[in-house]
Amino acid sequence: MSLNITTRAQAKAHARELRAEATQRGENLSHARALEAVAHKLGYRDWNTASARLSNQADVPIQVGERVSGRYLKQPFEGRVHGVRELAGGMGYEITIHFDEPVDVVEFDSFSGLRQRVSAIISEEGISWDKTSDGVPHLIVQRDSAGLI
């Protein structure tokens, strides 16, 4: 199970969901145990560690230095976030990604166009606003992890 939880508020909301699910099954799950379960799912030793780490993370979908993967102009990539800038109070984000390996963005067989660092404007879900002529987003970004240490 992959959780996209980056803030303490999201973790607490997930703990409430776990308690509600347990109640529906007729089980009793305390809030403390639900928080511990969320912390373990996120890869932390306990809730105190998770709470401290999550409170230090900004409420943006992707952080500078974070490992990401996805597709750029229909080609798969893996790389690292080089820059992020919030636009208009969170309506979108300008992101710059440095790919581990250059991506060939030309579909024509006779020549290549390699890109290793690209910038795009994406939604909070990691999907670019710009699309190719056939409607595919230029960039689709996924976090490789929650940045756990």
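Let me start with a term. Buried means under 20% relative accessible area, exposed means over 50%, and partly exposed is in between. Keep that in mind for Glu-27. Glu-27 has 43% relative accessibility, so Glu-27 counts as partly exposed. One caution before we go on: this is a predicted model.

Salt bridges come next. Side chains of opposite charge can pair when their charged atoms come close. How many salt bridges does the count come to? The count is seven. I'll show some of them.

Start with Glu-27 again. Its side chain meets the side chain of Arg-25 in a salt bridge, at 3.1 Å from N to O.

Next, Asp-46. Asp-46 forms a salt bridge with Arg-45. Their closest N and O atoms are 3.5 Å apart. Is Arg-45 buried or exposed? At 65% relative accessibility, Arg-45 counts as exposed, because exposed means over 50%.

Now look at Lys-74. Lys-74 forms a salt bridge with Asp-134, and the closest N and O atoms are 2.7 Å apart. Where do these two residues sit? Lys-74 is in the loop between β1 (67-72) and β2 (75-87). Asp-134 is in the loop between β4 (114-122) and β5 (139-143). The two are 60 residues apart, so this pair links distant parts of the chain. Both ends are partly exposed: Lys-74 has a relative accessible area of 27%, and Asp-134 has 48%. There is a third member here. Salt bridges that share partners join Lys-74, Glu-107 and Asp-134 into one network.

In soluble globular proteins, nonpolar side chains tend to be buried together. Here, the largest nonpolar core has 17 residues. Which residues have the most contacts inside this core? They are Tyr-72, Phe-77, Ile-97 and Leu-139. Five strands contribute: β1, β2, β3 (92-104), β4 and β5 each supply at least two residues of this core. The largest share comes from β3, with five residues.

Find Leu-139 on the structure. Setting aside residues up to four places away in sequence, Leu-139 touches a list of residues that includes Tyr-72, Phe-77, Ile-95, Ile-97, Ala-120 and Ile-122. Gly-126, Ile-127 and Ser-128 are also among them.

Last topic: aromatic rings. The count comes to three aromatic pairs. I'll take two.

Tyr-72 and Phe-99 form a tilted pair, 5.8 Å centre to centre, with 50° between the planes. Why does this pair tie together separate parts of the sequence? Tyr-72 lies in strand β1 and Phe-99 lies in strand β3, so the pair ties together parts that are 27 residues apart in sequence. Tyr-72 is buried, with a relative accessible area of 13%. Phe-99 is buried as well, at 0%.

The other pair is Phe-77 and Phe-99. This pair is also tilted, 4.7 Å centre to centre, with 35° between the planes. Phe-77 lies in strand β2 and Phe-99 in strand β3, so this pair ties together parts that are 22 residues apart in sequence. Both Phe-77 and Phe-99 are buried.

Tyr-72, Phe-77 and Phe-99 form one aromatic cluster. Two of those names, Tyr-72 and Phe-77, were among the residues with the most contacts inside the largest core. That's my tour.

Conventions
Residues are numbered from 1 along each chain as its sequence is written. This is a predicted model: local features need pLDDT of at least 70, side-chain atom pairs count only at pLDDT 80 or more; totals for chains, interfaces and linings use all residues. Side-chain values use heavy atoms; hydrogens and water are left out. A salt bridge is a side-chain nitrogen of Lys or Arg within 4 Å of a carboxyl oxygen of Asp or Glu. Buried means under 20% relative accessible area, exposed over 50%, partly exposed in between (1.4 Å probe, protein chains only). Helices (H or I, at least four residues) and strands (E, at least two) are DSSP runs, numbered from the N terminus. A nonpolar core is a set of buried Ala, Val, Leu, Ile, Met, Phe, Trp, Tyr and Cys residues joined through side-chain atoms within 4.5 Å. Contact means heavy atoms within 4.5 Å. Rings of Phe, Tyr and Trp (its six-membered ring) pair if their centres lie within 6.5 Å; planes under 30 degrees apart count as stacked, over 60 as edge-to-face and the rest as tilted.
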